[in-house]
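Trainee: I would like to learn how to read the features of a model like this one. Where do we start?

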Amino acid sequence: MHLNLKNMDTSTLHKGDRFEHVFLNEPVDIHIIQEAGSTVKIHILNLPSLQEKNEERLNRIIIDQTGPNCTTEIYGLAYLQGEAKVTTETHVNHLVGEGKSDQLIKFVLEDQAQGRFLGELKIAPDAQKVESHQTNRNLVLSADAEMRTQPQLEIYADDVQASHGASTGQLDEAALFYMQQRGISKQKARQLLVNAFMMDVINTISEESLRENLINTLSLD
Amino acid sequence: MAKLLEIKNLHASIAGKEILRGVNLTINEGEVHAIMGRNGAGKSTLSAVLTGHPAYTVTEGSVLLRGKDLLAMEPEIRAREGVFLSFQYPVEIPGVSMTNFMRAAINEKRAYEGKEPLSAKEFLTLMREKRKLVEMADKLSNRSVNEGFSGGEKKKNEIFQMAMLEPCLSILDETDSGLDIDALRIVAEGVNRLKTPHNASIVITHYQRLLDYIVPDFVHVLADGQIIKTGDKSLALELEEHGYEHLT
């Protein structure tokens with residue numbers, strides 16, 4: 001299924017359709033209305049070696065699940081350096097029951113970079129049997145970098161499985177020392193840990209050639 | 001016999017609390033030294049200080065490795081100079097595969113020695129050969145470093161890494177803790193097979209048990225941050241029988 005996403009405000013994904021796209025350093029501001037049985041899988045990638053260091057960007061995705069048995073997967077990865085500022089907003093609305101949504105949003109921040117994640121999730125009063133997970137993990141590598149994370153969950157149905165988690169931290173000092181004790185420089189050890197953190201998201205990209213290409217471009221292997 | 005390690009009047013503290021209070025120890029090539037002592041005597045602090053753990057501060061004294069100032073080196077340089085610590089609690093590193101981790105370690109050491117990196121084939125051959133030494137399952141090298149490894153697998157993995165890196169000074173910090181008797185035997189045999197006339201080991205342990213398998217040339221008793229007694233392997237047996245009480 002191809003949606004014309006250029007200049008788009010709202011698109012409808014019809015019954016049983018599947019839309020999958022990787023936004024690589026592209027502007028994202030979309031609203032998708034999902035009809036019954038449709039599937040959305042979106043990656044939003046803001047990656048350093050591939051873009052201007054000091055950009056400001058707002059990524060925004062709005063999803064309305066309007067029919068049963070819809071699936072929504074949203075993955076985000078932003079690796080920001082310099083004075084880059086990236087906000088990623090997701091608004092996932094389960095308007096009917098028996099739908100699934102999964103979100104994994106990660107930020108890696110260096111220098112004076114600023115990251116912000118706003119994750120709004122609504123499960124309507126009648127939307128029973130929804131399964132919804134939202135995870136936000138952030139790695140802050142510099143004292144001058146800043147991460148703000150705002151999960152907003154509004155769950156009005158009672159028979160749902162919903163989980164969310166957000167954490168912001170630094171690299172694991174014990175792991176760094178362990179690697180240094182094996183002769184690996186601190187810089188390389190940091191790189192291995194950051195790569196591992198990023199690979200979690202990269203690994204979820206379905207298209208193998210694109211995944212391999214990113215792994216090579218970013219020297220993640 | 002050439003001197004490998006010379007520790008002189010070593011004092012070290014963590015968070016302002018002095019743990020080592022004047023340790024003196026000389027280790028020659030080919031020797032195995034056991035360091036025994038109660039919890040809190042400073043055994044693990046000694047291994048942390050020798051490997052350059054950032055939480056500890058050396059306040060006095062010196063440590064020379066083959067005549068070079070060990071304390072002036074970054075942790076990774078100490079490692080590349082041949083100091084290896086088998087961790088009491090090996091760290092799990094999710095997402096970093098054993099293969100990538102080991103390749104980075106080997107090739108950074110080789111670069112430090114002015115050698116070319118190993119080819120992929122040479123590296124995998126070396127991994128396979130060294131895994132056999134500790135009877136480590138092949139599948140473990142595809143996993144993340146120590147992630148989901150059992151206690152025994154973690155300790156075998158430490159000795160496997162030691163075999164890969166061929167250190168001149170190995171510090172085995174409580175390598176026997178959490179091991180059943182079979183795993184202990186495998187780990188100890190691995191250590192023994194890695195012994196050469198030019199390398200040396202420091203074996204830190206609470207119990208005499210490990211020293212049945214890795215036989216020390218010297219046994220030192222550490223108490224309150226100092227070595228208070230040195231003997232041969234019979235000292236370990238004596239401690240097993242009478243405890244540390246009569247020494248302190």
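Trainee: Is B:Phe101 buried or exposed?

Mentor: Buried means under 20% relative accessible area, exposed over 50%, and partly exposed in between (1.4 Å probe, protein chains only). B:Phe101 has a relative accessible area of 0%, so B:Phe101 is buried. This is a predicted model: local features need pLDDT of at least 70 and side-chain atom pairs pLDDT 80 or more, while totals for chains, interfaces and linings use all residues. Residues are numbered from 1 along each chain as its sequence is written, chains are lettered from A and ligands numbered from 1 in the order written, and side-chain values use heavy atoms, without hydrogens and water.

Trainee: Which ring does A:Tyr178 pair with?

Mentor: A:Tyr178 and B:Phe101 are stacked, 5.8 Å centre to centre, with 10° between the planes. A:Tyr178 lies in helix 1 of chain A and B:Phe101 in helix 3 (residues 98-112) of chain B, so this pair also joins two chains. A:Tyr178 is buried, with a relative accessible area of 0%. Ring pairs link A:Phe177, A:Tyr178, B:Phe87 and B:Phe101 into a cluster.

Trainee: Which charged residue lies over the face of A:Tyr178?

Mentor: The test is NZ of Lys or CZ of Arg within 6 Å of the ring centre and within 35 degrees of the ring normal. A:Arg182 lies over A:Tyr178, at 4.8 Å from the ring centre. In chain A, the charged end of A:Lys106 also sits over the ring of A:Phe197, 4.0 Å from its centre.

Trainee: On to the sheet. What is the strand order in the open sheet of chain A?

Mentor: Strands of a sheet pair through backbone hydrogen bonds, either parallel or antiparallel. DSSP must find at least two bridges for two strands to pair. Here six strands run 2-4-6-8-10-12, with parallel pairing. Strand 2 (18-24) and strand 12 (161-169) stand at the edges with a single partner strand each, so one side of each has no neighbour in the sheet. Strand 6 (residues 71-80) and strand 8 (residues 100-109) of chain A are joined by ten bridges. One contact to look at there is A:Thr71, whose bridge partner in strand 8 is A:Lys100.

Trainee: Which way do the side chains of strand 4 of chain A point?

Mentor: In a regular strand the side chains alternate between the two faces of the sheet. A:Thr39, A:Lys41, A:His43 and A:Leu45 point one way, and A:Val40, A:Ile42, A:Ile44 and A:Asn46 the other; all are buried. Seven bridges join strand 2 to strand 4 of chain A, with A:Phe23 partnered by A:Ile44. Strand 4 and strand 6 of chain A pair over eight bridges, where A:Val40 stands opposite A:Thr72.

Definitions and conventions. Rings of Phe, Tyr and Trp (its six-membered ring) pair if their centres lie within 6.5 Å; planes under 30 degrees apart count as stacked, over 60 as edge-to-face and the rest as tilted. Helices (H or I, at least four residues) and strands (E, at least two) are DSSP runs, numbered from the N terminus.
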